[in-house]
Amino acid sequence: MNEYDSSRILDLTKKINYFSTDKICEANCYILNTCHIREKATDKVYHDIGRIKKEFKNKKKPIVIIAGCVAQAEGNLLLKREKYIDAVIGPQSYFQINNTILNCEKNLKSINETEFDVIEKFDYLNSIKNTNNKVSSFLTIQEGCDKFCKFCVVPYTRGAEFSRSMKELVNEAKQLADNGSREITLLGQNVNAYNNNGKRLSDLIFEISKINEIKRIRYTTSHPRDFTEDLIQAHKDCKKLMPLIHLPVQSGSNKILENMNRKHTIEEYLSIIEKLKKVNAKIKLSSDFIIGYPGENKNDFEKTLDLIKKVKFINLYSFIFSARPGTPSFNLKKIDNNIAKERLFIFQNISKKIKTEYREKLLLKVTPVLFENKTKDQNKYFGRDECFNSVIVESDENLTGKIKDIKIMKVSQNTLYGKINSKWSQKDFAA
Ligand code: SF4
């Protein structure tokens, strides 16, 4: 979502003649768009400011603005602790970024723009054309969350659930298609909670799939509680909807899920997967796990391992519990850090093994790949298959924006290497 927000911030700042630059040392304004999900993200802000300070030691100081969720959650603290920062602006206030920059130009310091008004934000952004021209683009359809998982900052930094109107989203998707986008990933902290006057995520997917130029649709991040039957059915009926679903579960133990206030059980989670696979045999899953959540014992951890072995997730994002200030789990008694580290190590090894087994099965199979760009290497193109795996092929033909059937010749943990040929038979295709 920060990538989408950053691109929209650039659409806004163009209006006052601030453009993006690759030459960091020449910038006269820095906007650090931040994330507050884990502790390290906040540290990174201070680290980045140190880097900017060093860069500009003997030069005129640039304007420094901290945007995003760190600004929202720790705005006053940032301004107090680091005088090099001129302004902080929250994720729901960035539509006012031009005023903030202009005020900074006037040497006004310590500006704090963290008042929430998500409706005003999107009303304003709708009037500014989305100029993103990537083959694969993000489109924020929903923001905020009402679930209040006990470890999570999102309900406090992004606010309550808010869904944009279908009409404005279809308009923005058409702008992206006109700019050259062929794939759109619909974004929301709780994307499948999308609800605008009764229109659900599945309705929006079908509307966007009517745009000819858009060949692929994805969405992230979903919550098991909002995985309704219509969305499951869309995975059967909408051919443009890609089969990889990112469905965070966080733990394999019902006791821990309850402690986290996740509002779903493992049985419910597994039942969604079963239904999805029934309607579409291509469905694959990825997920997020928190290892070492307060109260997690050996038995809970083993249930987590059982779950990943059972579902065979093709990608997993796992982290040791990071206590975020202001959340209900902040003051809970933490488990021993060495035990947490050991569990993470075991978890990641098993997840790597599952991923390797999956990827080895792709060897010598054919899979449709949407190519996004040429790599720095001569004649090599980067794209993704339907399950979002990175694929690289050599080609003299410009493949950017095209979908080609690719035979996978080599696999590594993060990349598939393939070759083009249009004469594959049906049995060559990946299951
Ligand atoms: S559902 Fe997701 S965004 Fe909402 S509180 Fe839980 S983890 Fe955070």
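**A guided tour of cysteines, ligand shell and salt bridges**

The structure, a predicted model, holds zero disulfides. Select cysteine 25 to begin: this residue takes part in no disulfide, and the nearest cysteine sulfur, that of cysteine 29, is 15 Å away. Cysteine 25 counts as partly exposed, because its relative accessibility is 34%. Select cysteine 387 next. This residue is likewise in no disulfide, and the sulfur of cysteine 238, the nearest from a cysteine, is 15 Å away. With 12% relative accessibility, cysteine 387 counts as buried.

Now turn to the ligand. The residues around it are Cys145, Lys147, Phe148, Cys149, Phe151, Cys152, Val154, Pro155, Asn190, His223 and Arg262.

The salt bridges come next; the structure holds 27 of them. Select aspartate 300 and lysine 255, whose closest N and O atoms are 2.7 Å apart in a salt bridge. This pair links distant parts of the chain, 45 residues apart: aspartate 300 belongs to helix 12 (residues 298-311) and lysine 255 to helix 10 (residues 254-260). Aspartate 300 is buried, at a relative accessible area of 3%, whereas lysine 255 is partly exposed, at 36%.

Proceed to lysine 380, which forms a salt bridge with aspartate 377, with the closest N and O atoms 3.8 Å apart. Lysine 380 is partly exposed at 26% relative accessibility, and aspartate 377 is partly exposed with a relative accessible area of 45%.

Next, select glutamate 397 and lysine 404, a salt bridge with its closest N and O atoms 3.4 Å apart. Finally, select Arg8, Asp11, Lys14, Arg164, Glu168 and Glu172, which salt bridges with shared partners join into one network.

Key: Residues are numbered from 1 along each chain as its sequence is written. This is a predicted model: local features need pLDDT of at least 70, side-chain atom pairs count only at pLDDT 80 or more; totals for chains, interfaces and linings use all residues. Side-chain values use heavy atoms; hydrogens and water are left out. A disulfide is a pair of cysteine sulfur atoms within 2.5 Å. Buried means under 20% relative accessible area, exposed over 50%, partly exposed in between (1.4 Å probe, protein chains only). A residue is near a molecule or strand if one of its heavy atoms lies within 4 Å of it. A salt bridge is a side-chain nitrogen of Lys or Arg within 4 Å of a carboxyl oxygen of Asp or Glu. Helices (H or I, at least four residues) and strands (E, at least two) are DSSP runs, numbered from the N terminus.
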